[in-house]
Amino acid sequence: MFSGILLLAFALTPVERAVAYLSKEVPRWRGENGCFSCHNNGDGARALYTAGVPSANAALAETAAWLGKPSQWDSNRGDPAVSDKKLARIQFGAALLASGEKGAVCGAADVIEKDRGADGSWTVDSGSPATYGTALATYYARQVLRACGRDTSSTDRWFAALRPGNVVEAAAILLASPGRADARAYLVGAQTSDGGWGEYPAMPAQVFDTAVAVIALREQGLNGLVSKGRAWLLARQQAEGGWPETTRPAGSQSYAQHISTTAWALMALL
C-alpha cells in the first residue's frame, strides 16, 4: 500500500504536484486564522484558477465566495502590522479575474481604482512575491480596471515613462507593453548562466524573479530563454510540490512568501 502511494506521487507531473499542494494550502489560512489572506486566497487562488481548477472545487469554494464580494474586502480581519489593504485589493482582484466570474469585476474595479495615485500608479511595498512592487501591482490593477471598461490612460502614460530598474519592474513593463524593447533587452541581459533570474542583473537567481521573467517573456518568441527558465524552476521544486520562498533579503523564512512564490512558479510553468 505504502509503495503504491509513493508510485502515485512520483507519477504526478510537476504542475500536478504544485496544484495538489496549493489545493491543500489555499483554504488552510482561513481555517486556521479566521481571515482571508492575499498570499493564500489571492496569489495561491489565482494560480489554481490559472491551472483550471474551478470555483466549485473544495479548495476554492470559500475563496470564490469571498472574491465575489469586493465591497467586503476591507472588512477582512488580519494583523494591521503586516497587512497592506491596497495591495490585497489588487491581489484579490487579480484572482477574481482569473476565476472567470465577471459579475463582481466592476465591484473590484471600484475598490481598486480609489487607490490609484495622481500619476496613474498604485504605490506599494517593493519587490517580493507577497508585496509585488509598484510596477507589478499597477499592471494587475490596470488589468482589473480594463476588464470593467474603465479609463486607464493615466496608467498607460505612467508605464510609458517608466524605465526598468530591476527584473520585476522590467517584467511588469513588458507585460503592460509587449513591444517595449528596453524591458525585453533588460530581461534578456539579466538571465543568469544557469537559466534563472535574480532581483538585478548579475545577482543569483531566485524563484520569484525567475517566474515573473518567464511569464513576461513567454509571449516574446524567446523560447530558448523561457525553456531554460522553466527548467531552472523545475529543478528547485520541493518534494511536497511547492518552491522555496523568495524573500528580501534572501534566506529568510516566511509562510506568506512561500505560498506566493509557489503560486508564481506554478503560473510560470502553465
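Me: How many salt bridges does a search of the whole structure find?
Reply: This is a predicted model, where local features need pLDDT of at least 70, side-chain atom pairs count only at pLDDT 80 or more, and totals for chains, interfaces and linings use all residues. Residues are numbered from 1 along each chain as its sequence is written, and side-chain values use heavy atoms, with hydrogens and water left out. A salt bridge here is a side-chain nitrogen of Lys or Arg within 4 Å of a carboxyl oxygen of Asp or Glu. Searching the whole structure on that basis, the count comes to 14.

Me: Which residue forms a salt bridge with Arg 89?
Reply: Arg 89 is buried, at 8% relative accessible area (buried is under 20%, exposed over 50%, partly exposed in between, with a 1.4 Å probe and protein chains only). The closest N and O atoms of the pair are 2.9 Å apart, and the partner is Asp 74.

Me: And how many residues apart in sequence are the parts that Arg 89 and Asp 74 tie together?
Reply: Arg 89 lies in helix H6, and Asp 74 sits in the loop between H5 and H6 (helices are DSSP runs of H or I, at least four residues, and strands runs of E, at least two, numbered from the N terminus). So the pair ties together parts whose separation in sequence is 15 residues.

Me: Where is Asp 115 found?
Reply: Asp 115 is buried, with 17% relative accessible area. Leaving aside residues up to four places away in sequence, Asp 115 touches Lys 86, Arg 89, Ser 121 and Trp 122 (contact means heavy atoms within 4.5 Å). Its place is the loop between helix H7 and H8.

Me: At which residue does helix H4 bend?
Reply: H4 covers residues 38-50, and twelve of its 13 residues are buried, so the rest of the structure largely encloses it. Those buried residues pack against helices including H2, H6 and H14. The bend, taken as the angle between axes fitted to the seven residues ending at a residue and the seven starting there, is about 25 degrees, at Gly 44.
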